[in-house]
Amino acid sequence: FKTDHMETFATEEESPRVMLEFEEMLLCRKVAFIRLIGELYKQTNMLTARIIHECIKKLLIEGEDESLECLCILMKLVGKPLDMETNNRLLAKTETKPETGIYNLSVYTM
């Protein structure tokens with residue numbers, strides 16, 4: 001997608017520069033989106049811990065540099081409140097079936 005459209009508008013000499021600018025723009029958008037997700041969880045409680053855990057899983061599975069950078073940003077924003085909510089939910093569910101999608105954060109360490 002991105003290469004087809006970008007090469008149409010750029011000459012051969014400009015193509016690497018244009019591609020780099022385009023990739024930087026995509027990274028900025030991805031980082032902004034991750035910040036939005038983090039702030040929605042932290043400030044407004046519009047997102048649940050389960051959604052944040054799914055975001056963490058997806059970013060870890062992707063494993064690209066950009067994804068790991070976004071994961072760091074997300075964890076900086078929501079790490080402490082997410083850990084507290086996760087522990088509270090896990091403690092509340094010890095006798096019953098654990099809530100799907102809510103994991104102790106230690107499962108993410110390798």
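**Packing of helix α4 against α2 and α3**

The buried residues of α4 pack against α2 (15–44) and α3, where buried denotes under 20% relative accessible area with a 1.4 Å probe and protein chains only, and where helices are DSSP runs (H or I, at least four residues) numbered from the N terminus. The model is predicted, so that local features need pLDDT of at least 70 and side-chain atom pairs count only at pLDDT 80 or more, whereas totals for chains, interfaces and linings use all residues. Residues are numbered from 1 along each chain as its sequence is written, and side-chain values use heavy atoms, with hydrogens and water left out.

Among the buried residues of α4 are Ser-67, Cys-70, Leu-71, Ile-73, Leu-74 and Leu-77. The axes of α3 (residues 49–62) and α4 (residues 65–92), which are lines fitted to C-alpha atoms over the stretch in contact, come within 10 Å and cross at roughly 150°; the two helices are therefore roughly antiparallel to each other, a term applied to angles over 145 degrees. The contact (heavy atoms within 4.5 Å) involves residues of α3 including Ile-52, Ile-56 and Leu-59, and residues of α4 including Leu-71, Leu-74 and Val-78.

In helix α2 lies Ile-34, which counts as buried because its relative accessibility is 6%. Leaving aside neighbours within four places in sequence, Ile-34 is in contact with Leu-59, Cys-70, Ile-73, Leu-74 and Leu-77. The C-alpha atoms of Ile-34 and Leu-74 are separated by 6.2 Å, although these residues are 40 residues apart along the chain.

Notes:
Axes fitted to C-alpha atoms, helices over the stretch in contact; angles between N-to-C directions. Parallel < 35°, antiparallel > 145°, perpendicular 65-115°, else oblique. Buried < 20%, exposed > 50% of the residue type's maximum accessible area, 1.4 Å probe, protein only.
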